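The following note sets out points for a colleague who is examining the model.

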Amino acid sequence: MTRPRDSARRRGIGDSRRSDYKSATQMENRLMQQNLANDRRTTVDEIFDHLYDEISSLRLRPGDRISEAEIAAQFGVSRQPVRDAFTRLANLDLLLIRPQRATEIKRFSSREIEKSRFVRAAIDSEVLRRAARNCDTADKERLEECLERQRAAIAAADHQKFSELDYEFHKTLCNIAGVDFAFEVISQEKAKVDRLCMLGLSKEDRMPQLLQDHEAIVAAVVGHDEERAVAVGMLHLSRLDATIAAIEKTNANYFLPEDG
């Protein structure tokens with residue numbers, strides 16, 4: 001005859017095992033869901049990076065149509081991660097998503113470019129002042145290293161690499177200025193005109209001129225000359241004016257009709 005205490009003990013062991021099994025199953029489910037979420041984020045990132053590169057390098061041109069279904073098939077995924085990547089690109093003004101109509105690579109907007117460059121100039125001015133104020137010996141070495149890499153890109157006639165190094169240069173200036181967060185805004189504004197920059201670099205070999213601007217900026221920052229740093233920085237930004245005007249004339253179809 002089983003004693004009540006023994007029976008209760010056995011029931012306790014069974015309950016404990018069931019509880020442990022349930023907890024393990026719940027943990028496995030949570031891990032599976034987390035892994036799926038991570039995989040999905042990774043897939044969205046991969047699609048976003050691929051399309052961003054295609055657009056900024058002008059392999060996909062303003063006005064070109066792009067299909068969710070085709071991109072999903074290319075990556076072997078469902079449409080949802082593609083849709084998420086499209087939304088991120090639209091937030092950068094690189095895609096035009098229209099319900100029940102084909103998604104297009106966003107055309108340039110003269111008004112948006114003007115607004116973007118105004119914001120960029122205001123932020124760059126303060127970044128350059130602070131960088132000139134803060135620059136020390138270690139910072140000088142970092143900036144000179146940036147210039148050396150840019151010279152190597154020019155020697156290799158690598159326009160894409162030079163564009164990447166341009167980002168690195170301005171990010172380094174933000175870091176020296178002690179305002180790393182400013183680069184997020186700068187990069188967002190740069191993304192809106194990067195395709196124009198790429199058109200300018202590919203149609204006319206302006207890289208040496210831009211390098212000279214960077215060298216002048218470094219000289220002013222290293223010399224702690226705040227006003228000179230700002231003046232050269234604004235000249236650097238203005239280099240795109242002639243390029244924009246020329247592209248509007250020769251490639252009017254790259255611009256939104258209402259911008260004229």
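1. Helix 4 and helix 7 each give at least two residues to the lining of the second largest cavity. Helices (H or I, at least four residues) and strands (E, at least two) are DSSP runs, numbered from the N terminus. The model is predicted: local features need pLDDT of at least 70, side-chain atom pairs count only at pLDDT 80 or more, and totals for chains, interfaces and linings use all residues. Residues are numbered from 1 along each chain as its sequence is written, and side-chain values use heavy atoms, with hydrogens and water left out.

2. The second largest cavity holds about 110 Å³ of space. Its lining consists of D93, K106, R107, F108, S109, E112, I113, K192 and R195. A cavity is a set of points, on a 1 Å grid over the protein atoms alone, where a 1.4 Å probe fits but cannot get out; lining residues have an atom within 4 Å of a point. Points are joined across faces, edges and corners, and a volume is the space filled by probe spheres set on them. By class, this lining has six charged, two nonpolar and one polar residue (Asp, Glu, Lys and Arg count as charged; Ala, Val, Leu, Ile, Met, Phe, Trp, Tyr, Cys and Pro as nonpolar; the others, Gly among them, as polar).

3. F108, one of these lining residues, also pairs with F255: the ring centres are 5.4 Å apart and the planes lie at 50°, so the pair is tilted. Rings of Phe, Tyr and Trp (its six-membered ring) pair if their centres lie within 6.5 Å; planes under 30 degrees apart count as stacked, over 60 as edge-to-face and the rest as tilted. F108 is in the loop between strand 3 (103–105) and helix 4 (110–134), while F255 is in the segment after helix 10 (240–250), 147 residues apart. F108 is buried at 3% relative accessible area, and F255 is buried at 6% (buried means under 20%, exposed over 50%, partly exposed in between; 1.4 Å probe, protein chains only).

4. The largest cavity has a volume of about 320 Å³. Of its 20 lining residues, R120, D166, K190, C197 and L240 lie nearest its centre. Helix 7 (180–203) gives the largest share of this lining, six residues.

5. K190 has its charged end over the ring of Y167, 4.4 Å from the centre. Such a charge is NZ of Lys or CZ of Arg within 6 Å of the ring centre and within 35 degrees of the ring normal. R88 lies over the face of F48, at 4.1 Å from the ring centre.

Conventions: On a 1 Å grid over the protein atoms alone, a cavity is a set of points where a 1.4 Å probe fits but cannot get out, and a pocket is an open set with protein on both sides within 12 Å along at least five of seven lines; lining residues have an atom within 4 Å of a point.
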